[in-house]
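Have the structure open in your viewer and follow along.

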Amino acid sequence: MPSVPRWLRRVISSPILLTFLAITLGLVVGSFVIILTTAPVLDAWRSLFHSWGGPGHAIKTTFDYVGAAYRDMFTGAVIDPNSLWHSITTGQSWTSTLTPLSETLTYATPLTIASIGVGITFQTGLFNIGANGQAIIGGIAGVAVGSSLHLPTIILLPITLLAGVLGGVLTGALPGLLKSFTGAHEVIVTLMFNYVANLILLFTLLSTPLQQPGQGNDISRNLLPGALLSPLFGTASGLRVNWGVFIAAGVVVVAWWFLERSSLGFEFRVSGANPHAARVSGINPRKITILAFLISGGLAGLAGITEVAGTTHFIDGGFLVGSAGIGFTAITVSLLGRNRPVGIMWGALLFAALGVGGRSMQASTGIPLDLATVIQYSIVLFIATPVMVQEIFRIRSRATSGLQLASQGWNT
Amino acid sequence: MTTIVSSTTGALRPRLRLSRDQVIGTLAILLGLFTMWAFALGSSSRSNSQLTFDPVNTSGTLPWHVGNLTLATRLTCLVAALAIIAIGAEILIRRPKRAVMVRFGAAAALFFVAILLWAARTHGPSQVDFVNLTSVLVGGIAPAVVLTYGSLSGILCERSGVVNIAIEGQFLGGAFLGSLIDSVTHNFFLATLGGVVIGGLLGLVLAFFALRYQSDQIIVGVVLASLVISLGSYLNLQILTPYPQYNAGSPAPNLTIPLLAKIPVLGPVLFNENGYFYLVIALVLFISFGLFRTRWGLRVRAVGEHPRAAASVGINVIRTRYFNVILGGMVAGVGGVALFAWQGQFQPGITSGYGYIALAGLIFGRWRPSGVVVASLLFGMSVYLANNLQTYQVPVSTSILLMFPYVVTIVVVSGLIGRVRAPAADGLPYKRD
């Protein structure tokens with residue numbers, strides 16, 4: 001393509017453009033799901049030939065509903081322009097104007113941490129599909145410490161967070177050790193442990209002293225005030241965004257340094273990129289496998305306790321279950337961010353916005369929150385298949401490498 | 001390229017890995033010791049357990065009655081425990097070359113018997129003081145049937161070299177559509193057809209991404225499964241909650257085979273089941289025969305082991321893989337309908353990890369239909385025990401009991417796959433020159 005200027009070619013073949021196109025395609029898939037499952041839209045298309053105005057009406061209805069859904073998603077996750085204008089002109093109700101942003105940041109905080117954990121295993125060529133279970137155990141361990149030890153904040157908060165990390169580390173050790181000593185494939189071990197972790201959660205909440213005293217339901221004791229990550233702008237502000245944001249930012253920086261600058265991180269990446277070369281150059285695969293899972297589990301545990309200490313302040317039977325399962329979203333976020341800490345941070349913000357916006361969309365249009373999840377998974381499917389995205393948008397460039405991990409199939 | 005990758009990754013295994021025999025033997029001995037401690041010593045010497053054999057609901061119409069068998073709980077559990085320990089010791093000392101899995105299966109069966117006898121002992125916490133062997137077997141076979149469908153799907157895909165982690169999603173798709181169709185038409189034949197269609201479509205999507213674009217199969221599989229699960233939850237809220245008449249199916253009726261169904265114990269277990277049971281048996285036989293005795297099977301295995309060599313003798317690798325992955329999807333889709341037909345109603349969490357357990361069963365069964373059946377029975381029985389031990393009021397929390405199948409799966413994949421070898425090209429993308 002001699003006529004295309006060099007800068008344009010660079011843009012075209014950059015992974016960032018592909019990511020944006022994948023996001024666009026994901027939103028398109030989401031609109032098809034809305035069209036196919038929303039009764040008024042379907043009715044409009046059914047009466048396509050009933051009158052001259054049929055086609056126009058059908059198209060208008062479709063755009064109305066899909067547009068309203070995505071508009072609600074945006075205003076619920078980022079900012080509502082009307083409300084912003086109102087706040088600027090009158091100087092009032094800043095809380096409700098900033099709530100969407102605050103919610104997105106609140107949700108993105110544990111998601112970033114957990115996703116970086118998953119990303120580290122991906123970079124090492126391993127699958128950690130059990131981040132959700134590890135985060136649950138981390139949350140339980142953190143609550144056990146943070147709800148029972150009456151200590152000043154300066155001690156209690158760190159050891160609560162540490163307990164969360166330890167819970168995750170212990171849980172992450174299981175697939176790591178099993179993989180390196182018995183050859184059990186980490187995908188199955190981590191998947192199964194997610195179910196086990198959910199049941200451990202129920203057991204903890206129903207049959208141990210962690211259950212809220214005087215309660216028959218599956219609900220834990222509250223964290224002591226000293227164990228909480230307090231809201232950034234004070235409790236009175238009504239904005240839930242909390243000091244956990246700085247933990248997440250710290251994790252991003254440290255993880256970036258670890259993966260890009262430290263020698264151990266280099267060993268991780270070599271093991272992921274070319275296991276054979278890693279082994280030949282004297283890297284002990286067993287050590288790397290175990291360490292990667294310990295770190296990944298620890299971060300997942302930290303994510304779990306950050307969620308509790310920053311947002312919920314207690315855990316119940318719905319902790320990280322279903323669409324709240326940040327450990328599952330973390331897999332997709334990590335792939336979206338191409339397993340790099342900074343990319344993951346942006347990915348986590350986007351997916352947090354989709355989740356928060358999805359909730360607001362559910363409230364105002366009645367379209368279930370799961371739509372946001374469907375969009376997220378579609379985006380990742382496109383991310384994992386860059387060649388298809390290039391074909392759809394007629395982009396010709398050198399073959400961009402897709403997400404290929406060292407761990408393919410059961411023999412590795 | 002493919003061959004280089006597969007041969008080098010083989011060499012990458014850490015050498016200091018415990019041998020399979022050691023792991024299995026040790027596990028069996030630990031299991032035996034646990035049985036002795038928890039069940040033999042955990043019951044008083046005067047306790048008895050009763051085994052009954054007549055089907056609970058139709059006992060009046062049976063031509064034969066089988067008497068009840070009363071056993072001394074402690075003694076029987078002790079014998080079972082010692083037998084398990086003996087099996088473990090035999091594996092450790094003799095290091096048998098063949099049939100290690102069979103030995104472990106026997107140990108697991110003894111363990112299940114000991115659990116049930118202990119749970120049903122007289123003077124125990126519950127009023128129920130008998131174990132009905134027939135209903136235990138019938139109850140264990142229901143989940144085993146579903147798991148077998150999943151594992152067979154895995155065999156079809158992985159023997160041709162494509163890892164299918166989306167079985168969980170195909171189960172859910174089949175269960176959803178099967179339930180929808182059964183609610184509207186009350187016809188299980190159409191419901192099965194629906195399962196075939198949705199499973200095949202999901203298989204097609206997986207094959208499309210894995211074969212056309214050489215995407216990472218595990219990533220695509222996990223994402224696809226999660227996508228279908230959220231879609232199921234979405235549709236459940238969007239369609240099934242406002243219109244409950246679309247989720248008003250019922251369990252599949254039993255097809256009783258005349259005469260044979262009247263055989264004690266075996267009759268109700270093997271000849272009075274729903275259609276999905278007979279279908280899965282037919283599939284097991286069919287796939288065994290097809291894979292190992294026909295030209296098609298030879299081609300499939302060649303494609304899964306060494307696609308380059310297969311291509312060089314004129315086999316169309318991509319087409320073979322497409323065919324198998326779609327076929328596998330269809331089988332898993334029917335498995336989803338079988339899951340619905342067992343439970344009788346669709347709910348978003350209906351699959352509860354069975355698709356992933358089926359994958360473990362595939363590995364445990366060493367990519368063979370016969371092995372997969374044994375694995376599914378083991379997992380199916382664990383599912384049954386997890387769900388039903390509560391009726392005996394065992395002094396263990398429900399949540400802990402429900403962990404049983406998942407823990408068994410973890411133990412099995414970590415203890416048993418050891419040196420089990422997947423098809424050599426399993427999971428590796430194939431590029432034509």
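A:Asp80 is partly exposed in this predicted model: there are 19 other C-beta atoms within 10 Å of its own, and a residue needs 20 or more to count as buried. You'll find A:Asp80 in the loop between helix 4 (54-77) and helix 5 (81-90) of chain A. Leaving out residues up to four places away in sequence, A:Asp80 touches A:Thr75, A:Thr97 and A:Pro100. Another residue to look at from here is A:Ser96, 16 residues apart from A:Asp80 along the chain, with 9.4 Å separating the two C-alpha atoms.

Now zoom out to the whole of chain A. DSSP gives it 17 helices and 0 strands. The radius of gyration of chain A is 23 Å, close to the 22 Å that the globule rule gives for 412 residues, so chain A is as compact as a globular protein of that length. Along the principal axes, its C-alpha atoms fill a box of roughly 70 × 60 × 40 Å. Buried residues account for 51% of the 412 residues in chain A. As for contacts between residues at least 6 apart in sequence, 74% of those in chain A join residues at least 24 apart.

Chain B can be read the same way. Its secondary structure comes to 17 helices and 5 strands. For 433 residues a compact globule would have a radius of gyration near 22 Å, and the 23 Å of chain B agrees with that. The C-alpha trace of chain B spans about 75 × 60 × 40 Å along its principal axes, and 53% of its 433 residues count as buried. Of its contacts between residues at least 6 apart in sequence, 78% join residues at least 24 apart.

What sits in the middle of all this? The largest nonpolar core has 245 residues, and A:Ala114 and B:Ala114 are the ones with the most contacts inside it. Setting aside residues up to four places away in sequence, A:Ala114 touches A:Ala131, A:Ala135, A:Leu299, A:Ala300, A:Ala303, A:Ile326, A:Gly327 and A:Ala330. There's also a second, separate core of 9 residues, which includes B:Ala302, B:Ala424, B:Leu428 and B:Tyr430.

Next, the place where the chains meet. Chain B puts 53 residues into the contact, and chain A puts in 53 residues too. On the chain B side, the elements giving two or more residues are helix 1 (2-11), helix 8 (217-240), helix 14 (354-364), helix 16 (398-402) and helix 17 (404-416). Helix 8 of chain B supplies the largest share, 15 residues. By class, the side of chain B that touches chain A has 31 nonpolar, 18 polar and 4 charged residues.

How many of its residues are buried? The count is 11 of 11, including B:Tyr354, B:Tyr356, B:Leu359 and B:Phe364. Just after helix 14 of chain B, B:Arg366 takes a positive phi of about 50°. Then comes helix 15 (residues 369-388) of chain B, with 20 residues reaching 28 Å from first C-alpha to last, close to the 28 Å expected at 1.5 Å a residue. Helix 15 of chain B is mostly covered as well, with 17 of its 20 residues buried.

Let's finish with helix 3 (residues 73-94) of chain B and some strands. At 1.5 Å a residue, the 22 residues of helix 3 of chain B should span 32 Å, and the 31 Å between its end C-alpha atoms agrees. Among its buried residues are B:Cys77, B:Ala81, B:Ile84 and B:Ile91. Their cover includes helix 2 (20-40), strand 1 (48-52), strand 2 (69-72) and helix 4 (100-119) of chain B. After helix 3 of chain B comes B:Arg95, with a positive phi near 45°.

Strand 1 of chain B has a covered face made of B:Ser49 and B:Leu51, and an uncovered one made of B:Asn48, B:Gln50 and B:Thr52. It pairs with strand 2 of chain B in the antiparallel sense over 4 bridges, and B:Ser49 stands opposite B:Leu71 there. With strand 3 (residues 130-132) of chain B, strand 1 of chain B pairs in the parallel sense over 3 bridges, where the bridge partner of B:Gln50 is B:Phe130.

Definitions and conventions:
Residues are numbered from 1 along each chain as its sequence is written. Chains are lettered from A and ligands numbered from 1 in the order in which they are written. This is a predicted model: local features need pLDDT of at least 70, side-chain atom pairs count only at pLDDT 80 or more; totals for chains, interfaces and linings use all residues. A nonpolar core is a set of buried Ala, Val, Leu, Ile, Met, Phe, Trp, Tyr and Cys residues joined through C-beta atoms within 7 Å. A residue is buried if 20 or more other C-beta atoms lie within 10 Å of its own, exposed if 12 or fewer, and partly exposed in between; C-beta atoms are placed from the backbone. Two residues are in contact if their C-beta atoms, placed from the backbone, lie within 7 Å. Ala, Val, Leu, Ile, Met, Phe, Trp, Tyr, Cys and Pro count as nonpolar, Asp, Glu, Lys and Arg as charged, and the others, Gly among them, as polar. The radius of gyration is taken over C-alpha atoms; the globule rule is 2.2 Å times the number of residues to the power 0.38. The expected span of a helix is 1.5 Å times one less than its number of residues. Two strands pair if DSSP finds at least two bridges between them.
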